[in-house]
Amino acid sequence: MNTSITERKRVSFTEFAAERLITGSGAVAILFVFLIFAFLLREGLPAFTEVPLDNLFSSRWYPTENYFGILPLIFGSLVVTIGAAIIAMPIGLLTAIFIAEIAPRWLREILKPMIEIVAGIPSVVLGFFGMVVLSSVVRDTLNLPTGLTAFTGSIILAYMALPTIVSVAEDALDAVPRSYRDAALALGATRWQTIWMVTVKAGKSGILTAMMLGVGRAIGETMAVLMVTGNAARIALEPGALFMPVRTMTATIAAEMGEVAQGSTHFHVLFAIGIVLFVITFIVNLVASFAIFRQSKRSARLLS
Amino acid sequence: MRNLCFLLLLCGLLLTACGGRASAQADAAAQKTIENTGSDTIVNLALAWAEAYQKVRPDIRVSVSGGGSGTGIAALINKTADIANASRKIKAEEQQNAEKNGVLPHEIEIARDAIGVIVNAKNPVQQLTLQQVSDIYSGKIKSWKEVGGEDRPIVLLSRESNSGTHVYFLEQVVRLGNSKDKTLFSQDTLLLPSSEGIIAEVRQNPNAIGYDGLGYITSDVTTLAIAPKDGGEYVKPSVETVNNGKYPIARPLFMYTPGEPTGDVKTYLDWILGPDGQKIVGDLGFVPLQ
């Protein structure tokens, strides 16, 4: 009797401690995000008063001579990210479909971990590969003046986003109940029709999450982009823009933060670029979770 | 029981850790350290000097780090460095900040660096005038055909705009030393984060033109001969042409100390300026002082 009470007390104490620890960790994670955002605002907002807005939103970036136009940087990030998405999304989705639906069990057991290993390659290594090998391949095959272009960056980024997309999308397809496929096949649908019109449709929200996570990784990537995109800050409003050098927001921050004088206008502008990047990522995530939210409500309605 | 064992083990580990640290401190006390930081252009040279000096004076340790000329001078002002390396002269505002902080920077020229203009080995162009290099980098000349080469577009390569080499090239080559000139690098210029990146692209790309410190240029790219004036003599960069002033794109490299150097720092700097130190300058592809 006596022992069981102390035992229960001990259990409830561990329970109590564990619960608080988990709550605490969660709270700290959220607190950090807020602190980072507050710091970003504190260092970045002065840029909007120190630099005249027509300078800040011009198309010339040359900070050592007081040209602070951030438009070419935003343009550069968008071009590289859209390029990466165009390359990575179809390949990622098709790979996920192959692994989840078509490949035999044993092949699947090999393929999935292998694709996840790709995610572990450091971005500097990929950047170096892009700089030394890929850039000349791109230049020679497409007959461009230089191989250090947005397109080269997009290929490297697509490669980095693929493991995320494949892995998450494959999980989503895997989670679709067996009975859906059986029902489709029983109704006389072919295998391809079953995959495309039933399984993929049912796993849509998970696939969308996969795409957004992949794109999120691409837009925030720094090192590889810094090494292969050529970093020329100019806006090329023409169809061939993907095949020209660009300068992204992340590469600009990484290349210039190291030597900028703390508290100078240039320093504040770099943080302002950080705010812009934060806002763009935030919007991407918001759109993604909104789409997923709507999706889940619809499927809930359908099933009820 | 298992807990006790673990505790004992932990105590043992802590004790050895403390012991280790104590002996390391004793070593540091016997050895004097000179903090040397700054320009990335000079960092390899400074490292080679520090290594060689270790054999001359084992009791003195020179600790070298890079980060850029600005970083080095900032460290000098904040009194965290004994010697700051700079590939440019100290700026007026830096001098003021230093004096405000009670530091009087003392300048010593320690070597010279020539900046070579490089093109791909397949490019038939072997020489350019300074004016042509300026027009190429400001975007007025866009094809190799205009300077006697093949009909190919010119791809401009440069270091990032905060590098001392970039600033020197902008002022002395693109603006031809005219301080009122506000010309900038063409917007099409690719800004690469490292010397390695520039050499790698020039090596592969027959359209490219780049520039870099002589010490970084490898033999598989073509270093152009440069004429200071139209119709002038075309000169390739070398120890001789830099020291007799014929090669136009060369700059002095400096070390700054807080006030006149004294004691160990002075003996180190004297050794650098002496024959042993200057031999290393030549070995690394920089230009020794005469």
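Against which elements of chain A and chain B do the buried residues of α7(B) pack? The views below start there. This is a predicted model, in which local features need pLDDT of at least 70, side-chain atom pairs count only at pLDDT 80 or more, and totals for chains, interfaces and linings use all residues. Residues are numbered from 1 along each chain as its sequence is written, chains are lettered from A in the order in which they are written, and side-chain values use heavy atoms, with hydrogens and water left out.

View 1. Buried means under 20% relative accessible area, exposed over 50%, and partly exposed in between (1.4 Å probe, protein chains only). Helices (H or I, at least four residues) and strands (E, at least two) are DSSP runs, numbered from the N terminus. The buried set includes B:Ile198, B:Ile199, B:Val202 and B:Gln204. From chain A, the packing partner is α6 (123-142). From chain B, the partners are β4 (105-120), β6 (155-159), β7 (190-192), β8 (208-213) and β9 (221-223).

**View 2. The largest nonpolar core.** This core holds 46 residues. Such a core is a set of buried Ala, Val, Leu, Ile, Met, Phe, Trp, Tyr and Cys residues joined through side-chain atoms within 4.5 Å. B:Tyr137, B:Phe169, B:Ile209 and B:Ile249 have the most contacts inside it. At least two residues each come from β4, α5 (130-138), β6, α6 (164-174), β7, α7 and β8 of chain B. Another core, of 26 residues, lies apart; A:Val80, A:Leu144, A:Met160 and A:Leu226 are among its members.

View 3. Neighbours within four places in sequence are left aside for B:Phe169 and for B:Ser138. Contact means heavy atoms within 4.5 Å. B:Phe169 touches B:Ile115, B:Val117, B:Val133, B:Tyr137, B:Val174, B:Phe185 and B:Tyr211. B:Ser138 sits in helix α5 of chain B. Why is B:Ser138 classed as buried? Because its relative accessible area is 18%. B:Ser138 is in contact with B:Val174, B:Thr183, B:Leu184 and B:Ser186.

**View 4. The interface of chain B and chain A.** Here 30 residues of chain B meet 28 residues of chain A. The two chains bury about 2,300 Å² between them, with 49% of it on carbon and sulfur atoms. Buried area is the accessible area (1.4 Å probe) that two parts lose on being put together, summed over both. B:Asn162, B:Gln187 and B:Gln204 supply 27% of the area that chain B buries against chain A, more than any other three residues. The interface has 3 salt bridges. A salt bridge is a side-chain nitrogen of Lys or Arg within 4 Å of a carboxyl oxygen of Asp or Glu. A:Arg247 forms one with B:Glu160, their closest N and O atoms being 2.9 Å apart.

**View 5. A loop residue of chain B.** B:Asp59 lies in the loop between α2 (43-56) and β2 (60-65). With a relative accessible area of 36%, B:Asp59 is partly exposed. B:Asp40 is 19 residues away from B:Asp59 in sequence and 26 Å away in space, C-alpha to C-alpha.
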